[in-house]
Amino acid sequence: MPDADTVTTDSPASAVATRVRRRPALSPSRASDFKQCPLLYRFRAVDRLPEVPTKAQLRGTLVHSVLERLFALPAAERVPAQARELLGPAWADLSTDRPEWTELFDGGKPEEHADWLRSAEKLLDAYFELEDPRRLEPEACELHVEIELGSGVLLRGYIDRLDVAPTGEIRVVDYKTGAAPREIGEAKAMFQMKFYAVVLWRLRGIVPRQLKLMYLTDGQSLAYTPDEAELLRFERTLEAIWQAILKAGKTGDFRANKSKLCNWCDHQAHCPEYGGTPPAYPGWPEPDAGDETPLDRAD
């Protein structure tokens with residue numbers, strides 16, 4: 001996860017390449033990490049400890065990629081059979097970009113990989129039961145959004161799909177390849193959606209008409225309509241989270257917060273709650289904490 005980009009500027013004499021450090025930003029995944037467990041945020045955004053993805057996470061990433069490609073096709077071609085045809089090319093591209101992902105299937109039986117692809121097909125079939133993409137023309141898919149709030153906090157993230165009606169109303173759509181969650185999971189998912197709603201509100205001056213979550217495992221949808229007062233309160237919550245992150249960053253005091261979610265954490269070996277020891281704190285490195293991986297966006 002680079003924290004600097006190379007920017008080239010042309011001058012009459014020559015082109016000058018300058019490395020510009022990207023400003024640290026807050027993303028929905030990293031904000032959620034800090035709310036859940038400040039030490040988890042540190043492990044991911046500061047220490048950047050490696051994590052091994054699960055096959056379910058990879059499947060979610062693959063399905064997201066296929067749906068993005070599906071909406072790039074002419075409307076009449078957005079049918080289930082075409083979506084299935086896109087699975088192979090999408091996985092080939094993803095595994096080329098991230099060859100380490102294929103290691104999850106190394107040593108396994110060929111039929112295991114085939115079963116995994118078929119499970120992705122089932123999720124795509126479930127998507128078509130929820131809506132007909134031939135009737136939709138999204139403004140954007142996998143849309144990168146970024147805005148600096150008046151307080152100076154920089155928000156950054158990726159929206160699965162943005163629908164804009166002829167009347168100008170906005171709908172934010174997020175695909176979830178798991179089942180519809182219980183209370184804790186639903187709150188986490190809605191936190192992400194409200195994050196995007198704040199960004200779009202500040203970018204466009206319009207409160208999204210609808211935030212829609214589509215759960216493909218059990219074919220359920222969850223829709224929510226925010227209002228301006230609610231987004232203003234949520235914006236203040238994001239500002240408070242960022243200030244807490246900066247305070248912890250200066251001191252290195254990222255506390256562990258033990259919960260049921262620890263059962264799915266990759267970092268128990270480094271966590272004091274499980275008898276582990278965190279790595280030596282490297283200092284606040286101005287991490288580009290706004291960048292989310294494809295795995296983050298497919299949860």
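Buried residues are those with under 20% relative accessible area, and in this predicted model they make up 43% of the 299 residues in the protein chain.

View 1. Among the contacts between residues at least 6 apart in sequence, 68% join residues that are at least 24 apart. The accessible surface of the protein chain is about 15300 Å², and carbon and sulfur atoms account for 51% of that area.

**View 2. The open sheet of five strands.** The strands follow one another in the order β3-β4-β5-β6-β7, and their pairing is mixed. The edges are taken by β3 (140-148) and β7 (220-224), each of which has a single partner strand, so that one side of each is left without a neighbour in the sheet. From one strand to the next the twist averages 40°.

**View 3. The parallel pair β5 and β6.** Strand β5, which covers residues 170-176, pairs with strand β6, which covers residues 210-215, in the parallel sense and over six bridges. Within this pair of strands, D174 stands opposite L213 of β6.

**View 4. The hairpin of β6 and β7.** These two strands pair in the antiparallel sense, over five bridges, and Y215 has Q220 in β7 as its bridge partner. Four residues lie between the strands of the hairpin, in which G219 takes a positive phi near 65°.

**View 5. Helix α5 lying across the sheet strands.** Helix α5, formed by residues 110-130, lies across β4 (154-164), β5, β6 and β7.

**View 6. The crossing of helices α3 and α4.** Helix α3 (residues 55-71) and helix α4 (residues 80-97) have axes that come within 9 Å of each other and cross at roughly 120°. That angle makes α3 oblique to α4, because angles of 65 to 115 degrees count as roughly perpendicular and those over 145 as roughly antiparallel. The crossing in which α3 passes α4 is right-handed. On the α3 side, the residues that meet α4 are L58, T61, L62, S65, V66, R69 and L70, while on the α4 side the residues they meet are A83, L86, L87, P89, A90, W91, D93 and L94.

Technical notes: Residues numbered from 1 in each chain as written. Predicted model: local features only at pLDDT ≥ 70, side-chain atom pairs only at ≥ 80, totals over all residues. Heavy atoms only, no water. Buried < 20%, exposed > 50% of the residue type's maximum accessible area, 1.4 Å probe, protein only. Contact = heavy atoms within 4.5 Å. Areas by Shrake-Rupley, 256 points an atom, 1.4 Å probe, with all protein chains shown as cover. Pairing = 2+ DSSP bridges. Axes fitted to C-alpha atoms, helices over the stretch in contact; angles between N-to-C directions. Parallel < 35°, antiparallel > 145°, perpendicular 65-115°, else oblique. Left-handed = near helix turned anticlockwise from the far one by under 90°.
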